[in-house]
Protein chains: 2
Amino acid sequence: MRIVITGAGGFVGRALVERLQANADLVLIDHVLDRASSGEHHIGDLTNPELLSAAFAGGCDALLHLATVPGGAAEANPDAAWRVNVDGTMMLIDHAQRAGSCPRVVFASSIAVFGEAMPSLVDDACPLAPKLVYGAHKAMGELWIDALTRRGDISGLSLRLPGIVARPAAASGMISAFMSDVFHALRAGEHLTVPVSAGATMWLMSVDQVAMNLAHSLTNGAIGAMTLPALQVRFADLVAEIAGQTGHPASLIQHAPQLSVEKAFGMLPELRTPRANEAGFAHDGDTANLVARVLAHLNQEQP
Amino acid sequence: MRIVITGAGGFVGRALVERLQANADLVLIDHVLDRASSGEHHIGDLTNPELLSAAFAGGCDALLHLATVPGGAAEANPDAAWRVNVDGTMMLIDHAQRAGSCPRVVFASSIAVFGEAMPSLVDDACPLAPKLVYGAHKAMGELWIDALTRRGDISGLSLRLPGIVARPAAASGMISAFMSDVFHALRAGEHLTVPVSAGATMWLMSVDQVAMNLAHSLTNGAIGAMTLPALQVRFADLVAEIAGQTGHPASLIQHAPQLSVEKAFGMLPELRTPRANEAGFAHDGDTANLVARVLAHLNQEQP
């Protein structure tokens, strides 16, 4: 199976490549790629037609499209984000379609498609109402993929990812970076002030769990757009669990809530995902397991 | 009030310009424009940055975005259609936003956003499920406009137009051209074979009625995306009414139904549009009035 992966050098991409490389021919696209990753490497911009032609020249059974200009970066430069998030998604799928026969296309969408004004329960019927540029771009990508799937051109699935932890501490253009930084700070025994309250509620998933879900999506045949199951965690409970497992005091974490951040990332309601559950997707089980997986992943990457 | 109109030289555009020109400063954009139309003329491609800069240089209170690559043409060349329908829509709104202060943006969307598999009743809750490339592009435009409206950047309204009659007989790239051609044929006393059955049901609106609705949209404050009310007409009833009003026999019209056309344009279910009705939009009232308006319009344009 020949699988093209965009964003293959990114945080989720690396975990996914590691999981898939033993059993598939991988074609990796990103601005930076780990030399140790097996497969064809295409380094550059995914909107570059020459790069695309080269990457898809050997055929395409599946496209896993993870690359994106994320929330904060898209707000700062909406035009550049449009080029990658909207046009780039169309160009990639167009190439996949020509290189394969009704290829599998899995698109990393985001819970940002729901916007701020979520109802008290989010389920499979929740309407798209993005407010961030990033969320609007993801919703447009979902629509395009649904239409091509309805036409029989691709077998498309958009998976809305919750907050994935723990991303590297370096600036990633994500407004939600605090969800990951709390792991880094407590692991290092350092102070951190976060832009949400102790009572903030978030939807989280470990990077290992999301890589498992993405790998599963290659073969489960689910189509359409669906929200991945996610663990709903209160920020104070997350801090207490990380503190317990790292042996550092929870008091290292201070709060200076910013209303806009709290509204976008810290007031998430109850989530029900019957379609994704039925398709075999899963969350991390409980907060202790989520934290243990995240810390194990961090220890492996940065011993 | 300074109003930028794209597709201003087109069929709907000309009727709208005629209605608005006495009471507003119009800025007209199209590949071809009627010299007699008052206002600034910008002739060329709406994705040309220089044309856009010039058109919006004098400010923008409202943008009426009618230009599009329609159904048949978009199927034939999806990439070119994307450039106009998706990228062009974004570029126009971007310019409007910079040139105005939360400008009014009215986007001519289409009932093609609903796709083929419509439920037995279409109302304001009907999900977007486009199958034509054109319908997918329109749905993506709706989403982008909704997001910008939610952000407070524009006051955006997407109006889903039904079949507008009677478009000029010349090829327009529209698969639904038969709806208009039946007027031309019966008016001229000529034979016509149409790709739908006598029992086909369509949603129709006269060009005068759609121009009234678009003019009304400038000031009614409605936002979001909504389906315009439309007259639901059985094809045989339409033919009988046109035959009666033109004095030519209905038997001039023959049927050679094509399943794909019948499914896309001839099997439209009941339509309810409470949001649009509340916002003051209207259809033509009854088939006799629709036909009378269309024939009067044709007699004025081609006496």
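**Helix packing and chain contacts**

Reply: Helix α4 (residues 78–99) of chain A packs against helix α4 (residues 78–99) of chain B at an angle of about 175 degrees, the axes being 12 Å apart. This is a predicted model.

Me: Are α4(A) and α4(B) roughly parallel or antiparallel, then?

Reply: Roughly antiparallel, given that angle between α4(A) and α4(B).

Me: Which residues of α4(A) and α4(B) meet there?

Reply: From α4(A) they are Asp79(A), Trp82(A), Val86(A), Asp87(A), Met90(A), Asp94(A) and Arg98(A). They meet Asp79(B), Trp82(B), Val86(B), Asp87(B), Met90(B), Asp94(B) and Arg98(B) of α4(B). Sorted by class, the contact of α4(A) with α4(B) holds 6 nonpolar, no polar and 8 charged residues.

Me: OK, next pair. At what angle do the axes of α5(A) and α5(B) cross?

Reply: Roughly 165 degrees, for residues 133–151 in chain A and in chain B, and the axes come within 9 Å. Angles over 145 degrees count as roughly antiparallel, and α5(A) and α5(B) are therefore roughly antiparallel to each other. The crossing of α5(A) past α5(B) is right-handed.

Me: And which residues make the contact of α5(A) with α5(B)?

Reply: On the chain A side, Val133(A), Ala136(A), His137(A), Ala139(A), Met140(A), Leu143(A), Trp144(A), Ala147(A) and Arg151(A). α5(B) supplies Val133(B), Ala136(B), His137(B), Ala139(B), Met140(B), Leu143(B), Trp144(B), Ala147(B) and Arg151(B).

Me: Zooming out, how many residues of chain B are in contact with chain A, and what area is buried?

Reply: 23 residues of chain B contact 23 residues of chain A. About 2,200 Å² is buried between the two chains, with 65% of that given by carbon and sulfur atoms.

Me: How many salt bridges are there between chain B and chain A?

Reply: There are 4 salt bridges between chain B and chain A. One that joins the two chains pairs Glu75(B) with Arg151(A), where the closest N and O atoms are 2.6 Å apart. Arg151(A) is also listed among the residues of α5(A) that contact α5(B).

Me: And over all chains, what is the salt bridge count?

Reply: Over all chains it comes to 26 salt bridges. An example within chain A is Glu142(A) with Arg160(A), with closest N and O atoms 2.8 Å apart. Glu142(A) is in helix α5 of chain A and Arg160(A) is in strand β7 (residues 155–161) of chain A, so this pair ties together parts 18 residues apart in sequence.

Me: Staying inside chain A, how do α6(A) and α8(A) pack?

Reply: The axes of α6 (residues 178–188) and α8 (residues 235–246) of chain A come within 9 Å and cross at roughly 30 degrees. That makes α6(A) roughly parallel to α8(A). Their crossing is right-handed.

Me: Who's in that contact?

Reply: α6(A) contributes Phe178(A), Val182(A), Phe183(A), Leu186(A) and Arg187(A). Phe235(A), Leu238(A), Val239(A), Ile242(A), Ala243(A) and Thr246(A) come from α8(A). By class, α6(A) with α8(A) has 9 nonpolar, 1 polar and 1 charged residues.

Me: Switching to the backbone. Which peptide bond in chain A is cis?

Reply: The bond from Val165(A) to Ala166(A) is cis, with omega near -5 degrees. Ala166(A) sits in the loop between β8 (163–165) and α6 of chain A.

Me: What about Val165(B) and Ala166(B)?

Reply: A cis peptide bond joins Val165(B) and Ala166(B), with omega about -5 degrees. Ala166(B) is found in the loop between β8 (163–165) and α6 (178–188) of chain B.

Me: Last one: what is phi of Cys102(A), and where does Cys102(A) lie?

Reply: Phi of Cys102(A) is near 45 degrees, which is positive in a residue other than glycine. Cys102(A) lies in the loop between α4 and β5 (104–110) of chain A. Most residues other than glycine have a negative phi.

Key:
Residues are numbered from 1 along each chain as its sequence is written. Chains are lettered from A and ligands numbered from 1 in the order in which they are written. This is a predicted model: local features need pLDDT of at least 70, side-chain atom pairs count only at pLDDT 80 or more; totals for chains, interfaces and linings use all residues. Side-chain values use heavy atoms; hydrogens and water are left out. Axes are lines fitted to C-alpha atoms, for helices over the stretch in contact, and angles run from 0 to 180 degrees between N-to-C directions. Helices (H or I, at least four residues) and strands (E, at least two) are DSSP runs, numbered from the N terminus. Angles under 35 degrees count as roughly parallel, over 145 as roughly antiparallel, 65 to 115 as roughly perpendicular and the rest as oblique. A crossing is left-handed if the near helix is turned anticlockwise from the far one by less than a right angle, and right-handed if clockwise. Contact means heavy atoms within 4.5 Å. Ala, Val, Leu, Ile, Met, Phe, Trp, Tyr, Cys and Pro count as nonpolar, Asp, Glu, Lys and Arg as charged, and the others, Gly among them, as polar. Buried area is the accessible area (1.4 Å probe) that two parts lose on being put together, summed over both. A salt bridge is a side-chain nitrogen of Lys or Arg within 4 Å of a carboxyl oxygen of Asp or Glu.
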